[in-house]
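Subject: Structure handover

Hi,

Here is the structure for your files. My notes follow below it.

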Amino acid sequence: MTLPAIKNKKNSIILASVLVAAFFFSMIMFLVNRGGKRRVFVFPSVETGSSVVEIRRLPETHMSEVEYYISEMMLGPQTERCRRIFPAGTKVLSCMLKNKVLYVNLSKEIVNPETENKMLPVKDSIELFKSNILRNFSSISSVEVFVEGNPAYEGFQAI
């Protein structure tokens, strides 16, 4: 072997070593910085009567995991051609977990006549809301939804 051939082989080995080291460094950083818990969101489709599934990673926050999940759900879908579960402006007034039952109190904007024809019926929206929570939190056995402190649709009338 000549001197230039040995130099080229040495440079190739150094380059390959740097690339392998960079790959492993990137892989380790990816695994360490994944951050947050994987959560599933189901939103109704605009075009069909079907549902669209979104997967999001929710970072840790000062809120409980359930409260943060609900606040993200209230913001609506990130996927195009999906509807919100509740009309814009609907707020979570309170959220409490007791004996594996989650109690959620929503604002009266859940019934908004201006968006009524674009949204799911209130009962269907609440059922989708409940199923989203139950799908993501196995520690919760049931979800009770209230509107302004009243049961959601046991005799629920438009406010």
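Strand E1 (37-44) and helix H2 (65-75) each supply at least two residues of the lining of the largest pocket. This is a predicted model, in which local features need pLDDT of at least 70, side-chain atom pairs count only at pLDDT 80 or more, and totals for chains, interfaces and linings use all residues. Residues are numbered from 1 along each chain as its sequence is written, and side-chain values use heavy atoms, with hydrogens and water left out.

Terms for the elements: helices (H or I, at least four residues) and strands (E, at least two) are DSSP runs, numbered from the N terminus.

The pocket

H2 gives the most to this lining, with 3 residues. The space in the largest pocket is about 150 Å³. On a 1 Å grid over the protein atoms alone, a pocket is an open set of points where a 1.4 Å probe fits, with protein on both sides within 12 Å along at least five of seven lines; lining residues have an atom within 4 Å of a point. Points are joined across faces, edges and corners, and the volume is the space filled by probe spheres set on them. The lining includes Lys37, Arg39, Tyr68, Tyr69 and Phe137. By class, the lining residues are 6 nonpolar, 2 polar and 4 charged (nonpolar: Ala, Val, Leu, Ile, Met, Phe, Trp, Tyr, Cys and Pro; charged: Asp, Glu, Lys and Arg; polar: the others, Gly among them).

The sheet

An open sheet has 4 strands, in the order E3-E4-E5-E6, with mixed pairing. Two strands pair if DSSP finds at least two bridges between them. At the edges are strand E3 (92-98) and strand E6 (150-151), each pairing on one side only. H2 packs on the sheet and touches E3 and strand E4 (101-106). Contact means heavy atoms within 4.5 Å. The direction of H2 makes about 145° with that of E3. Axes are lines fitted to C-alpha atoms, for helices over the stretch in contact, and angles run from 0 to 180 degrees between N-to-C directions.

Two residues

Glu72 sits in helix H2. Is Glu72 buried or exposed? Glu72 is buried, because its relative accessible area is 13% (buried is under 20%, exposed over 50%, partly exposed in between, with a 1.4 Å probe and protein chains only). Not counting residues up to four places away in sequence, Glu72 touches Phe41, Arg56 and Leu58.

Gly89 is in the loop between H2 and E3. Gly89 counts as partly exposed, because its relative accessibility is 34%.

Best wishes
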